[in-house]
Amino acid sequence: PSVAVSGPEMQTWPLALSNEVLLKHSKNGLHILGVVKLGIVAKEGLAISELSGLAWDDDEEILYAVSDKGYLLHLKPVLSENRLIDLQVKDAFILKDDSDLPLAGDDIDSEGIELLRHRNDIRGDTELLIAFERKPRIARYRPDGSLAQTLSIPGFLGSIRNYRNMNTTLESVAHDAKHGIITAPEKLSENYSDNEFQIFNLAGEKWSFKNSGDAHGAITGMTATVDGSILVLERIFYNVFTGLRFSLHHIRLAEKQMYHRIVMDIGPEHGFFNDNFEGITHYRDKRFFMISDDNKHPLQRTLLVFFSIDGLDTPARIAQP
């Protein structure tokens, strides 16, 4: 059953960044088109917080979000003159297992989301791909939170010993037109290089590219664009005193090689100090949504950011070993 959360219980606040901060973003080719803060809403036992994955359904005009706590939200961004001014929560569902029971224990930790058949001008056929941590896996879900299928993933990705810990496994998922469903470990174990990220598809093919934060970098989000390229969100955490930094990597996969460049860098000087961005999705044209995970911490926020990126030209080629 769904848990309705729209109505007077919903709390949102549009945030205005200073002209100085907006100018800093624009110089980097990033144009902020609106920021909305989402308050924690509790209804029928469901607290809307810890949002970590985001996906836009163009056919249904729904923005899906998943919570670390195993919830699926149906959101409705309110836009005016191509700017984000508000956000409505239309519905919420608890993710189910193959017995149609709510996920429990280590099965709960839903982190990344991608959609299939969401831009084909046919309503009612959208399917969700959800990536999970703790028990690393990728599963196909219906929009009502019911499980359709748990997918087979390469054995390397299914083994906890290949990750730094249980909380750094599969944080993201995307769909590449040529290479199918792809995913990336948030952070591999100490046996692997801290200087590179690894991208895998379900057939076991692998691509690598240099990260920005070396040992301090971790993949938190991923989204496919309509031109067949991928944007990968990297979080860089040094310590609690320096705040969080983020890089956005633009990649294009090819046979035995890939193309890569960095199109965005965000740090505390851009108005986001402790905001933990974990979800990103392509909206339309060069516009995107990004969301932060508040971790249920009083010093962190759930922010939905609407922005556009200049260029997105083909990045440079990287030969694979």
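Colleague: Hi! In β6, which residue is the bridge partner of Ala55?

Modeller: That's Tyr64. A quick note first: this is a predicted model, where local features need pLDDT of at least 70, side-chain atom pairs count only at pLDDT 80 or more, and totals for chains, interfaces and linings use all residues. Residues are numbered from 1 along each chain as its sequence is written, and side-chain values use heavy atoms, without hydrogens and water.

Colleague: Thanks! How many bridges link β5 and β6?

Modeller: There are 6, and the two strands run antiparallel, with β6 covering residues 62-67. Strands here are DSSP runs of E, at least two residues long, numbered from the N terminus, and two of them pair if DSSP finds at least two bridges between them.

Colleague: What is the strand order in that sheet?

Modeller: It goes β5-β6-β7-β8, an open sheet of 4 strands with antiparallel pairing. β5 (51-57) and β8 (83-94) are the edge strands with a single partner each, so one side of each has no neighbour in the sheet.

Colleague: Changing topic, where does Lys178 sit?

Modeller: Lys178 is in the loop between β13 (170-176) and β14 (180-185).

Colleague: And is Lys178 buried or exposed?

Modeller: Lys178 counts as exposed, because its relative accessibility is 75% (exposed means over 50%, using a 1.4 Å probe and protein chains only). Its C-alpha atom is 9.7 Å from that of Glu255, 77 residues apart along the chain.

Colleague: Which sheet do β13 and β14 belong to?

Modeller: They are in an open, antiparallel sheet of 4 strands, ordered β13-β14-β15-β16. In β16, Lys206 is the bridge partner of Phe200.

Technical notes: Buried means under 20% relative accessible area, exposed over 50%, partly exposed in between (1.4 Å probe, protein chains only).
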